[in-house]
Amino acid sequence: MSEQSRRDLAQLLLPVIRWTPERGFSDARPLIDHALALGVGGFLLSGGEQDGVRALAKELQLKSKHPLLLAAELERGAGQQFAGATGLPPLSAITALGDIESLRRAARLTAREARTMGVNWNLAPVCDLDLLAENPFMGTRSFGSDARTVATLVQAWVEATQAEGVMACAKHFPGLGRALKDPHREAVSIDTPADQLKELDLHPFRAAVSGGVASVMTAHAAYPALDSSKAPATVSREILQWLLRQQLKFDNLLVGDLMTLPGVCEGRAVADACVQALRAGCDVLLSPGDLDVTLGALERALDDGTLDADRVKQSVRRRLKWAQWVSPPNDWRRPSGADTAWGALLADKVLRFEHGVVPPMGGVTEVAIVDDDDDVEGRRADRTGIVEAMRVAGNDARIVSAPTAASSGPFVIALFADYLPNKGRTRLRDSTITAVRALVAQAAAMQREVVMVGLGDPRWVQQLQMEVPTIVAWSGDRVMQQAAGRGLLRKR
């Protein structure tokens, strides 16, 4: 194995750099140094503060011997990952406005903020159709259920993003809209007939390819109708080479989703899954496990012919092509104050008011938090955004565990419940329903009106079947919490 071949293989790996509120990027320093020494092709950034991310991105590019791909999942604006950047409503909330120009502007704003931080690859948009309420992780991440409409929106997002010099990524090929299990938790098989998949599920991906999308991300799910071996798409030559490359004529960068997820590595070691993914047609791999172990497995596979040397070179060239296309990071088209102000207004605009008019709040507003998502692994927004937004507007808003005599105004119940990776369920917990009903009964005993705020996909708050004034805020992200707080005080 030549040193050049080893460095070529390293370029196809993109480890994850995780930020923590307590230690920032400090815990990731050993990984960063080792990964750069190996010559990886980039990193996936998870969390951070805007200025710190900008400094880190600059450092990574300067220390690397080749231009890097610096990716982040920014489906809901740069603020989804990076504190200080603009958070945006979920894709389905923007789509519900019926205004494609708002979608384009959201994509542009996201790309501009990412670009100024040095993040050159947005792992969005989601091209999966929202077909099943039983899908445990899709929800508001999708543009919708109509394939043709979603295709139009996908192409608009891709074109607006890449016009700003940031790569877009169509995911998760060939579509996870029909999944009944979560690939973050277990192996998934989608048993839909091939003609239905090709007619509907693939339609948004065709639009993305037509729009020149820089990258496509694979799905960690098996599609027996497309590959009788029942291998997950990420490791299926039939799906990646024959369907995507040859039939859909996609010739840009193909990325394997997080390779440490059970959806692809259940029944196989992570390093073995990485070998199989590259052999199947992936060009680069996110979160490839232990870098030394995976790189060793790739070297052995190249030596024994499991991996074709020409295929590896082709992937190296594709990665470099796109890393050069987005390089170097700079302040080109830095977002203006008007851009970021528009982002906040968009969050207000997508709020949905149901079951009557929200009554005027009292001088003191009591807000009870009921969190159906508190057992879900992963980083979540704090739960103080509603009261903070109300306080900024002059209202004495307080988080309470139950209604008290301090207020005679409407009692607000904020329900955090959404379709989330790792949640693994599509129904409210019995304890959540019991908690909400108890709060409603306590408020009624004090002759106080109740207002519900649903911070997540609208289908979750609907499960309560409560006919009280309700604000649907689409997600639990801080930007939507703050919009809900302003919505409670909005004059009618």
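Predicted model: local features only at pLDDT ≥ 70, side-chain atom pairs only at ≥ 80, totals over all residues.
Strands of a sheet pair through backbone hydrogen bonds, in either a parallel or an antiparallel sense. Strand 11 (residues 364-371) is joined to strand 13 (residues 411-416) in the parallel sense over six bridges. Within this pairing, Ala368 has Ile413 of strand 13 as its bridge partner. Strand 13 also pairs with strand 14 in the parallel sense, over six bridges, and here Phe416 stands opposite Leu455 of strand 14. Strand 14 and strand 15 are likewise parallel, with three bridges; Met452 lies opposite Thr470 in strand 15.

Strand 14 is mostly covered, with six of its six residues buried. In a regular strand, side chains alternate between the two faces of the sheet. Val450, Met452 and Gly454 point one way from strand 14, while Val451, Val453 and Leu455 point the other way, and all are buried.

Strand 13, helix 16 and strand 14 together make a right-handed β-α-β unit.

## Nonpolar cores

In soluble globular proteins, nonpolar side chains tend to be buried together. The largest nonpolar core here has 148 residues, and those with the most contacts inside it are Phe43, Tyr223 and Leu488. Leaving aside neighbours within four places in sequence, Leu488 is in contact with Val358, Met361, Ile386, Met390, Val412, Val451, Val453 and Ile471. A second, separate core of 20 residues includes Val16, Cys169, Ala214 and Leu253.

## Helix 2

Among the residues of helix 2 (residues 29-38), Ile32, Ala35, Leu36 and Leu38 are buried. Viewed down the helix axis, the buried residues of helix 2 fall within an arc of 155°, so they line one face of the helix. The face turned away from this buried side carries the exposed residues Pro30 and Ala37.

The buried residues of helix 2 pack against helix 1 (3-10), strand 2 (16-18), strand 3 (42-46), helix 3 (50-63) and helix 12 (291-303). Just after helix 2, Gly39 takes a positive phi of about 95°.

## Backbone exceptions

Most residues other than glycine have a negative phi, and most peptide bonds are trans. Two exceptions concern peptide bonds that are cis: the bond from Lys171 to His172, with omega near 5°, and the bond from Phe173 to Pro174, also with omega near 5°. His172 is placed in strand 6 (residues 169-173), whereas Pro174 is found in the loop between strand 6 and helix 7 (194-201).

Ser287 is not a glycine, yet its phi is positive, at about 45°. This residue, Ser287, is found in the loop between strand 9 (284-286) and helix 12, and it counts as buried because its relative accessibility is 11%, below the 20% cut-off. Trp474 also has a positive phi, near 75°. Trp474 is in the loop between strand 15 and helix 18, and it is buried, with a relative accessible area of 5%.

Terms used:
Residues numbered from 1 in each chain as written. Heavy atoms only, no water. Core = buried A, V, L, I, M, F, W, Y, C linked by side-chain atoms within 4.5 Å. Buried < 20%, exposed > 50% of the residue type's maximum accessible area, 1.4 Å probe, protein only. Contact = heavy atoms within 4.5 Å. Pairing = 2+ DSSP bridges. Helix = DSSP H or I, 4+ residues; strand = E, 2+ residues; numbered from the N terminus. Right-handed = clockwise from strand over helix to strand, strands pointing away. Arc of directions from axis to C-beta.
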